[in-house]
Amino acid sequence: MTNPTELLEIAKAAAAAGAQVLAGRNAEELQASNKGDAGDWVTSFDVAAEHAVRDVISAARPDDSITGEEHGTTRPEAPTGYRWSIDPLDGTTNFIRNIVYYATSVAVADADGAWLAGVVNAPALGRIYYAARGHGAWLEEGGRVTRLDGPVPGRKGQILATGFSYDPAVRAEQAAFLAELLDGFADVRRLGSAALDLCLVADGTHDAYGERGLNEHDFSAGALIAEEAGCWVRRPRLASPLEGGPADGERLDAWTCAGGLELSGKFPL
């Protein structure tokens, strides 16, 4: 079995390659287009960043499978069983509008689907969040490395982070349920990047995060980082991208959640 810390080093290099592409953001070169749902955008930077991430992974581990948001699934002839999940630009709408909450997310799982390493590199924030299974969660920022241990238990004025679907009908359901979901919280934040929302639970900025309808690449790295920070985490049980991924209904019904342990009962099953 490959050591998770070895995989983490590759994940960090791959995420850094993607983040370097994003750091070159130029409003005149965005080439933004809509992928179907209103608000579901892709840019030339999404595509270029995923190429950069894949190049690093393929050079280091050519027999691993790769699934990514923009380029789908790459499966070698004799796969190792390890699989990389890539979101080259989580927070594309933020990126288009020059809002700083966007990142490259890279994670790797073993043949049993256990996530072993994950990195969320946010170039506009100057932050790199990362974790290897069994080795804790960490933040690199401004030349400092800090171990993450989740939200402060029981603090007043707790903040809930969430997000909303591009589908109008699902969004209406989410809005109707928001008041119930907010019970016990002082306020809500919607930053537009699931990967970073999960990392902000890990570093204690958010007290909890819950959202319906995420894809695996949205949460794969961030959920592991929150988990390794000691947070309660619930990932949706979705069909693997290697098997074509979940149907829209399956995905839209499923919750991804994270928070302090005392908040584990706040979210619907």
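Analyst: A residue counts as buried when its relative accessible area is under 20%. By that cut-off W232, at 18% relative accessibility, is buried. Keep in mind that this is a predicted model.

Stay with W232. Its ring pairs with that of F267. The two centres are 6.0 Å apart, the planes are 15° apart, and the pair is stacked. F267 is also buried, because its relative accessibility is 5%. Where do the two residues sit? W232 lies in strand β14, residues 232–234. F267 lies in the segment after β15, which spans 255–259. The pair therefore ties together parts that are 35 residues apart in sequence. There is a wider group here too. Ring pairs join W232 and F267 with F177 and W255 in a cluster.

How many aromatic pairs are there? The count comes to 5. Another of them is F95 with Y102. A ring pair is described by the distance of the centres and the angle of the planes. For F95 and Y102 the centres are 4.9 Å apart and the planes stand at 90°, so this pair is edge-to-face. F95 has 0% relative accessibility, so F95 is buried. Y102 has 5%, so Y102 is buried as well.

R25 lies over the face of F95, 5.6 Å from the ring centre. R61 does likewise with Y82, at 4.9 Å from the ring centre.

N98 belongs to the loop between α3 (92–96) and β6 (103–109). Most residues other than glycine have a negative phi. N98 is not a glycine, and its phi is positive, near 60°.

Now the helices. A packed pair is described by the angle and the distance between the axes. Helix α5 covers residues 194–202, and helix α6 covers residues 216–228. Their axes come within 8 Å and cross at roughly 5°. Angles under 35 degrees count as roughly parallel, and α5 and α6 are therefore roughly parallel to each other. Which residues make the contact? From α5 come A194, A195, L198, C199 and A202. From α6 come D218, F219, G222, A223, I225 and A226. By class, the contact has 9 nonpolar residues, 1 polar and 1 charged.

Is α5 enclosed or open? 9 of its 9 residues are buried, so α5 is largely enclosed by the rest of the structure. The buried residues of α5 include the contact residues A194, A195, L198, C199 and A202. L196, D197, L200 and V201 are buried too. After α5 comes G204, with a positive phi near 90°.

Last, a loop glycine. G184 sits in the loop between α4 (168–181) and β12 (187–189). Buried or exposed? G184 has 62% relative accessibility, so it counts as exposed. Setting aside neighbours within four places in sequence, G184 is in contact with Q158 and K266. R237 is 53 residues from G184 in sequence, and the two are 27 Å apart in space, C-alpha to C-alpha.

Definitions and conventions: Residues numbered from 1 in each chain as written. Predicted model: local features only at pLDDT ≥ 70, side-chain atom pairs only at ≥ 80, totals over all residues. Heavy atoms only, no water. Axes fitted to C-alpha atoms, helices over the stretch in contact; angles between N-to-C directions. Helix = DSSP H or I, 4+ residues; strand = E, 2+ residues; numbered from the N terminus. Parallel < 35°, antiparallel > 145°, perpendicular 65-115°, else oblique. Contact = heavy atoms within 4.5 Å. Nonpolar A, V, L, I, M, F, W, Y, C, P; charged D, E, K, R; others polar. Phe/Tyr/Trp six-rings, centres within 6.5 Å; stacked < 30°, edge-to-face > 60°. Buried < 20%, exposed > 50% of the residue type's maximum accessible area, 1.4 Å probe, protein only. Lys NZ or Arg CZ within 6 Å of the ring centre and 35° of its normal.
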